[in-house]
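Me: I would like to go through this structure with you, one topic at a time. Could you take my questions as they come?

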Amino acid sequence: MKLLEFSKRFKDEGSCEQYLREVREERGIICRECGSHEHYWDKYHKRWRCKECGSETTLTSGTVMQGSKLPLMYWFTAIHLLTSTKNSFSAKEMQRQLGHKRYQPIWEMMHKLRSVMGLRDSQYQLTKAVELDEAFFTTDNEEIQKAKDKGKPLKRGAGSQRQSKVLVMVESEATIPTKKSHKSRKAGHIRMVHMPDLLSETVKNEAIKAIDKESQIIMDDSKSHVKLDGEFKGTEKKVVKPEDAPRVLPWVHIAISNAKSMFLNLYHGTKDEYLQSYLDEFCYKFNRMYFGEHLFDRLMIASVTYTPAFKHRIYNKNITLSCG
Ligand SMILES: [Zn+2]
């Protein structure tokens with residue numbers, strides 16, 4: 001949605017309430033007490049009442065906004081900003097834009113929104129041909145902090161405490177290169193999962209959760225320790241020279257490099273425990289890159305459908321210096 005249209009449609013708390021009410025009524029209100037779908041709107045208290053048992057449902061209950069003390073305008077603005085830019089917004093920048101005094105509630109709001117993005121995407125199983133690879137993202141974590149406190153040098157390479165492990169899976173359909181696009185494969189949905197380790201069993205379990213059984217997996221032969229045979233319709237392990245990687249496994253590489261540059265620009269010093277949250281946002285946008293102006297409404301629907309998995313916690317600025 002364009003900025004002018006947004007400011008016209010949502011000029012005050014009342015217009016946000018009205019929109020939220022419409023979106024929720026379109027999807028149907030279900031009574032938490034008796035399961036009835038029949039409700040009437042109590043305009044004085046701004047909530048629905050169940051026609052069967054009289055229980056009330058507030059505008060924000062059962063949504064991403066549940067329990068939040070922030071005005072709806074803040075949530076709407078955050079959803080607008082997150083869906084109208086190609087990149088993202090750090091919580092610091094969001095706080096500045098909203099002119100809010102405290103960082104904590106804004107930071108928490110952003111994580112809750114990313115959490116519903118992840119929940120929405122977790123409903124989708126990747127199908128057909130799927131590129132699978134692993135990636136390492138630089139993060140900050142307690143292990144690093146401990147090493148620094150003790151004056152110990154950090155390990156280098158893939159085993160470094162700074163390297164968080166991520167499994168990347170992208171639907172990738174073979175296509176004929178055209179004048180417009182020279183790519184030999186077209187990307188579909190993506191899933192990125194922050195992994196505790198990259199042992200064969202752990203990778204297999206995540207792949208089974210994310211990918212449909214009838215799919216064909218394409219992966220780099222150097223990951224030969226990962227055994228997926230028998231779990232999917234087929235597994236193609238390709239010997240990939242570094243210079244051929246963009247051609248053989250194009251989409252995992254494009255996605256990894258785009259995600260890294262987004263994190264580098266916005267969330268440098270990302271704490272390990274929040275990495276999944278940023279990955280969820282990146283994937284949500286990647287999966288909807290052609291939605292254009294409809295993305296606002298889509299994220300709004302996800303926001304009223306899911307309560308976030310992100311639980312209240314205090315932002316620790318001593319460990320994370322500039323975490324978005
Ligand atoms: Zn009821």
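**Working through the model**

Reply: Let us begin with Met192, which sits in strand 6 (residues 185-195). Please note that this is a predicted model.

Me: Is Met192 buried or exposed?

Reply: Met192 has a relative accessibility of 2%, so this residue counts as buried.

Me: And what does Met192 touch, leaving aside neighbours within four places in sequence?

Reply: Its contacts include Val166, Leu167 and Val168, together with Ala255, Ile256 and Ala259. Met192 is also in contact with Gln276, Leu279, Phe282 and Cys283.

Me: What about Leu132, where is that?

Reply: Leu132 belongs to strand 4 (residues 129-138). Its relative accessible area is 3%, so Leu132 is buried.

Me: Which residues does Leu132 touch, not counting those up to four places away in sequence?

Reply: Among them are Leu167, Val168, Met169, Val203, Ala207 and Ile211. Leu132 also touches Ile217, Ile218, Met219, Asp220, Leu228 and Val252.

Me: How far apart in space are Leu132 and Gln104?

Reply: From C-alpha to C-alpha, Leu132 and Gln104 are separated by 36 Å, and in sequence they are 28 residues apart.

Me: Changing topic: which residues hold the zinc ion as protein donors?

Reply: The donors are the SG atoms of Cys31, Cys34, Cys50 and Cys53, which lie 2.3 Å from the zinc ion. Along the sequence, the donor residues follow the spacing C-x2-C-x15-C-x2-C.

Me: Why is the arrangement around the zinc ion tetrahedral?

Reply: The arrangement is tetrahedral because the 4 donor atoms subtend angles of 103 to 116°, and the criterion for four donors is that all angles lie between 85 and 135 degrees.

Me: Is Cys50 buried or exposed?

Reply: Cys50 counts as buried, at 2% relative accessibility. Cys53, by contrast, counts as partly exposed, at 39%.

Me: On to charges. How many salt bridges are there in the whole structure?

Reply: A search of the whole structure finds 18 salt bridges.

Me: Where do Arg96 and Glu93 lie?

Reply: Both Arg96 and Glu93 are in helix 4 (residues 91-98), separated by 3 residues, about one turn of the helix. Their side chains meet in a salt bridge, with 2.9 Å from N to O. Arg96 counts as exposed at 57% relative accessibility, whereas Glu93 counts as partly exposed at 22%.

Me: What does Glu236 pair with?

Reply: Glu236 forms a salt bridge with Lys238, and their closest N and O atoms are 3.1 Å apart. Glu236 is partly exposed, with a relative accessible area of 30%, and Lys238 is partly exposed, with 28%.

Me: Which residues are linked in a network of salt bridges?

Reply: Asp42, Arg47, Arg49 and Glu56 are linked in such a network.

Me: Now the overall layout. What domains is the protein divided into?

Reply: Domain 1 covers 1-59, and domain 2 covers 129-149 + 156-270. The C-alpha centres of domain 1 and domain 2 lie 41 Å apart.

Me: And helix 11, which of its residues are buried?

Reply: In helix 11 (residues 295-305), the buried residues are Leu295, Phe296, Leu299, Met300, Ala302, Ser303 and Val304. They pack against helix 1 (3-9), helix 2, helix 3 (72-84), helix 5 (104-121) and helix 10 (275-287).

Me: Last topic, confidence. What is the mean pLDDT of the protein?

Reply: The mean pLDDT is 88, and 92% of the residues reach 70 or more. Among the elements, strand 2 (residues 47-50) has the highest mean pLDDT (98) and helix 6 (residues 142-149) the lowest (72). Over residues 318-324 the pLDDT is below 50, and this stretch has 26 contacts in the model beyond near neighbours in sequence.

Conventions: Residues numbered from 1 in each chain as written. Predicted model: local features only at pLDDT ≥ 70, side-chain atom pairs only at ≥ 80, totals over all residues. Heavy atoms only, no water. Donors = N, O, S within 2.8 Å, 3.2 Å for Na, K, Ca; no water. Tetrahedral: all angles 85-135°; square planar, octahedral: opposite > 155°, others 65-115°. Buried < 20%, exposed > 50% of the residue type's maximum accessible area, 1.4 Å probe, protein only. Helix = DSSP H or I, 4+ residues; strand = E, 2+ residues; numbered from the N terminus. Contact = heavy atoms within 4.5 Å. pLDDT = per-residue confidence, 0-100. Salt bridge = Lys/Arg side-chain N within 4 Å of Asp/Glu carboxyl O. Domains from an automatic or database assignment.
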